[in-house]
Amino acid sequence: MAKLSALERKGIGEVNGRVQTRPVMIESRGSAKDKRLCPIWRGITCLADFFALLKEVHDEKEKQNTQNDNWSGTQFFYRGQNKVDFMFTPSMIRAKGDLEREHLVFREFHRRFFMQLDECKTAMEEETFLQHFGAGSRILDLMENPLVALWAGCYGEKDENKDKYGEVSIWCVDNNTDKLKSYDSSTVSVLANIAKMESTFLLGKLEQEYLKENPTALTDYIFIKDVLRRSVVVRPKPNNIRIYNQQGSFAVVNLTRLIEKEDNGRSFYSKFGVSLEKFSDYILNAEVINKGRSFEYTHPNVSSLRKNYHTLRGADFSELTSWDLQFEKIVPEESDFIDSYGLYEYLYNSAKNRDQIAPVYAIIPPECKSDILKELKYMNITKAFIYPEMQNIAAELKNEYCKKEK
């Protein structure tokens with residue numbers, strides 16, 4: 001697959017300094033037809049524009065679900081970025097070298113701040129600490145407060161992007177889906193514990209870390225697809241003032257690939273009767289391939305495969321163990337998918353056609369950023385509110401009450 005720029009991966013281009021829509025085909029192996037990404041961008045020049053867009057999106061989402069008897073409500077989330085071509089990629093997973101050292105950062109941060117982190121009960125809580133203090137993590141910040149996201153789309157610490165378009169993306173997840181998780185979710189525990197793994201790791205090693213958090217869990221709980229490619233939206237404990245003020249949530253992402261394990265010269269095919277590539281494709285698409293079958297078929301784990309809950313012709317997994325599956329962490333550029341983590345399913349979709357994905361972005365022209373920040377200040381949405389550490393509040397008080405030096 002040809003390499004795409006960050007803008008092209010989001011289906012957005014820039015022509016003569018103006019943001020343009022550029023449709024992109026979303027790679028979706030196993031489905032009947034690839035979906036066409038057709039983003040919709042709305043120019044936001046003031047708060048009134050933003051409020052009008054929010055009303056439109058919320059009203060349309062409610063209308064979409066009026067006929068759905070099983071609908072249990074929708075949670076909206078927002079993400080602001082002060083440069084439109086930033087991908088939805090967590091800081092730790094943007095560069096291959098950083099990803100290879102992720103486990104070192106995780107463990108060294110814990111070693112140096114063990115008094116604080118020993119109070120954390122889960123890897124997800126530790127990941128939140130790393131994100132909070134800028135050490136790098138595999139989580140993306142989301143906000144339930146849209147005004148906080150708009151501020152993030154306009155504000156730049158060093159003003160290096162003052163001439164760039166800002167962006168607010170709109171995310172929504174129905175309450176009754178498995179895509180919206182609580183902080184104590186077992187799926188979240190699996191994804192967060194991958195941060196502790198080396199760049200190549202065995203499923204058995206991941207199970208050991210998972211069992212430290214969940215000692216009464218089944219050892220073969222972990223769904224193999226979650227380790228290969230998964231993203232979920234997590235609502236954390238509001239246990240620090242920054243998360244509380246921002247109404248913060250997170251998207252936790254994961255991306256790996258299965259690789260051959262050196263095992264006395266025996267390949268995966270010679271042991272189990274199917275190639276590793278075919279096995280990977282099957283795991284990623286089991287929900288589509290086995291649609292209508294039992295849960296054991298649609299969500300393979302080691303135990304279900306060993307009990308012959310699969311439809312891979314010629315394969316025999318009766319001797320499969322978690323120590324036979326070796327994974328390698330990869331960055332988006334190494335992925336077969338344009339939508340590397342499957343995050344577009346979380347974006348608000350206004351498409352009328354089932355074969356399309358039409359996320360709505362609020363696009364902020366660079367010349368409007370400072371005026372919008374002033375409007376947000378009238379509503380007490382400032383840096384000191386969003387990052388309420390002592391030094392930020394002190395700087396705001398000094399600016400508010402003290403005369404500026406000429």
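Which residues in α8 meet which residues in α9? In this predicted model, S186, S189, V190 and N193 are the residues of α8 that meet L206, E209, Y210 and E213 of α9. The axes of α8 and helix α9 (residues 203-213) come within 9 Å and cross at roughly 130°, and the two helices are therefore oblique to each other. The crossing by which α8 passes α9 is right-handed.

The largest nonpolar core has 44 residues, and those with the most contacts inside it are M124, W171 and L343. Among the elements that each supply at least two residues of this core are the helices α4 (102-112), α6 (123-132) and α8 (186-193), together with strands that include β8 (166-174) and β15 (360-364), while β12 gives the most, with 5 residues. Leaving aside neighbours within four places in sequence, W171 is in contact with residues that include F76, F88, L142, A251, L343 and Y348. Apart from this core lies another, of 29 residues, among them I194, F201, L203 and F268.

Confidence in the protein chain averages a pLDDT of 85, and 88% of the residues score at least 70. The lowest and highest elements are set out below.

| Strand | Residues | Mean pLDDT |
|---|---|---|
| β1, lowest | residues 12-15 | 58 |
| β13, highest | residues 326-329 | 97 |

Where pLDDT is low, the predicted coordinates should not be read in detail.

Methods:
Residues numbered from 1 in each chain as written. Predicted model: local features only at pLDDT ≥ 70, side-chain atom pairs only at ≥ 80, totals over all residues. Heavy atoms only, no water. pLDDT = per-residue confidence, 0-100. Helix = DSSP H or I, 4+ residues; strand = E, 2+ residues; numbered from the N terminus. Core = buried A, V, L, I, M, F, W, Y, C linked by side-chain atoms within 4.5 Å. Buried < 20%, exposed > 50% of the residue type's maximum accessible area, 1.4 Å probe, protein only. Contact = heavy atoms within 4.5 Å. Axes fitted to C-alpha atoms, helices over the stretch in contact; angles between N-to-C directions. Parallel < 35°, antiparallel > 145°, perpendicular 65-115°, else oblique. Left-handed = near helix turned anticlockwise from the far one by under 90°.
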